[in-house]
Amino acid sequence: MLGTATAILLLAFTHAMEEALVSPWNAWIPVLPFFAAILLAWGVLCRDWWLLPWLALAASFSAQAHVSY
């Protein structure tokens with residue numbers, strides 16, 4: 001259920017930022033993984049342990065793309 005809600009929210013956010021996502025220099029790139037990491041952390045706190053690898057992936061990408069923050 002949380003995965004479906006996350007996918008719907010990310011698709012809506014991606015649709016809203018469509019022009020900004022195709023720019024070669026894009027300061028908004030880590031926003032989607034950061035938002036996903038927040039929702040995935042919530043899922044892990046609800047004991048959905050299978051979300052843990054996805055949380056690690058989203059959080060590490062967000063941390064490595066720190067230049068735009």
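Predicted model: local features only at pLDDT ≥ 70, side-chain atom pairs only at ≥ 80, totals over all residues.
Local features need pLDDT of at least 70, side-chain atom pairs count only at pLDDT 80 or more, and totals for chains, interfaces and linings use all residues. Residues are numbered from 1 along each chain as its sequence is written, and side-chain values use heavy atoms, without hydrogens and water.

User: Where does Arg 47 lie?
Analyst: Helices here are DSSP runs (H or I, at least four residues), numbered from the N terminus. Helix H3 covers 31-45 and helix H4 covers 52-64. Arg 47 lies in the loop between H3 and H4.

User: Is Arg 47 buried or exposed?
Analyst: Buried means under 20% relative accessible area, exposed over 50%, and partly exposed in between (1.4 Å probe, protein chains only). Arg 47 has 64% relative accessibility, so Arg 47 counts as exposed.

User: Are H3 and H4 roughly parallel or roughly antiparallel?
Analyst: Axes are lines fitted to C-alpha atoms over the stretch in contact, and angles run from 0 to 180 degrees between N-to-C directions. H3 and H4 pack at about 150 degrees, with axes 8 Å apart. Angles under 35 degrees count as roughly parallel, over 145 as roughly antiparallel, 65 to 115 as roughly perpendicular and the rest as oblique. Therefore H3 and H4 are roughly antiparallel.

User: Which residues of H3 make the contact with H4?
Analyst: Contact means heavy atoms within 4.5 Å. On the H4 side, the residues include Trp 54 and Phe 61. On the H3 side, they are Pro 33, Phe 34, Ala 37, Leu 40, Ala 41 and Val 44.

Terms used
Helix = DSSP H or I, 4+ residues; strand = E, 2+ residues; numbered from the N terminus.
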